[in-house]
Amino acid sequence: MTADHPADTIADVVRRLEVQLVRIPEVFADRSDEELSHHAAPDEWCAKQIIGHLIEAEGEVFTMLIPGMVGRDAPEGWQTVPSMVREECGADAEALLTQWRALRERGIALARSLNDEDLLRTSEHNWHGGATETVGDLFRHWPFHTEAHESQALEVLRAAPPPAAAR
Ligand code: NI
């Protein structure tokens with residue numbers, strides 16, 4: 001993954017992460033469990049699986065790898081490899097969002113603690129396996145990754161059957 005917006009400053013990224021902390025839960029608000037469990041196709045994620053993926057990205061990728069890459073945390077690298085097989089279809093969406101929010105709050109604190117030197121660090125065990133990738137590349141990708149899945153969620157919810165009460 002290359003940098004989406006190489007000029008984004010730490011403050012820019014922090015702001016986007018903060019806006020998403022409010023906006024992402026709104027995508028899933030006031031939706032029935034039926035809508036949140038709707039699959040547009042058998043092999044496509046329902047909205048709850050998308051939240052599950054965002055939880056994993058937040059907790060196992062961005063907030064897990066960056067501290068290791070900047071030398072603040074010993075074990076650098078994956079704890080668990082992100083999985084395309086998601087098991088959130090039967091989960092409670094509100095509980096998933098609570099989990100995501102807590103991870104994003106931790107992520108914002110991490111983002112605020114970074115400095116420009118940190119963003120220049122590279123890693124041989126980084127998330128993508130490339131030797132030249134920097135912390136800045138991963139850091140700046142963070143809000144874009146969230147946004148990509150926000151769009152995906154909006155699309156699957158648009159295609160979902162309306163709640164029974166509205167029929
Ligand atoms: Ni993703």
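Which residues of helix 1 are buried?

1. Basis. This is a predicted model; local features need pLDDT of at least 70, side-chain atom pairs count only at pLDDT 80 or more, and totals for chains, interfaces and linings use all residues. Residues are numbered from 1 along each chain as its sequence is written.

2. Burial. In helix 1, the buried residues are Val13, Val14, Arg16, Leu17, Gln20, Ile24 and Phe28. Buried means 20 or more other C-beta atoms within 10 Å of a residue's own, exposed 12 or fewer, partly exposed in between, with C-beta atoms placed from the backbone. Helices are DSSP runs (H or I, at least four residues), numbered from the N terminus. The buried residues of helix 1 pack against helix 2, helix 3 (47-69), helix 4 and helix 6 (135-159); contact is a C-beta pair within 7 Å.

3. Bend. Helix 1 bends by about 35° at leucine 21. Proline 25 follows within four residues. The bend is the angle between axes fitted to the seven residues ending at a residue and the seven starting there.

4. Helix 4. Helix 1 and helix 4 (residues 93-113) pack at about 170°, with axes 10 Å apart. Axes are lines fitted to C-alpha atoms over the stretch in contact, and angles run from 0 to 180 degrees between N-to-C directions. The two helices are therefore roughly antiparallel (over 145 degrees). Among the contact residues are Leu17 and Leu21 of helix 1 and Leu97 and Ile108 of helix 4.

5. Aspartate 30. Aspartate 30 sits in the loop between helix 1 (10-28) and helix 2 (33-36). Its phi is positive, near 55°. Most residues other than glycine have a negative phi. Aspartate 30 is exposed, with 7 other C-beta atoms within 10 Å.

How values were computed. Angles under 35 degrees count as roughly parallel, over 145 as roughly antiparallel, 65 to 115 as roughly perpendicular and the rest as oblique. Two residues are in contact if their C-beta atoms, placed from the backbone, lie within 7 Å.
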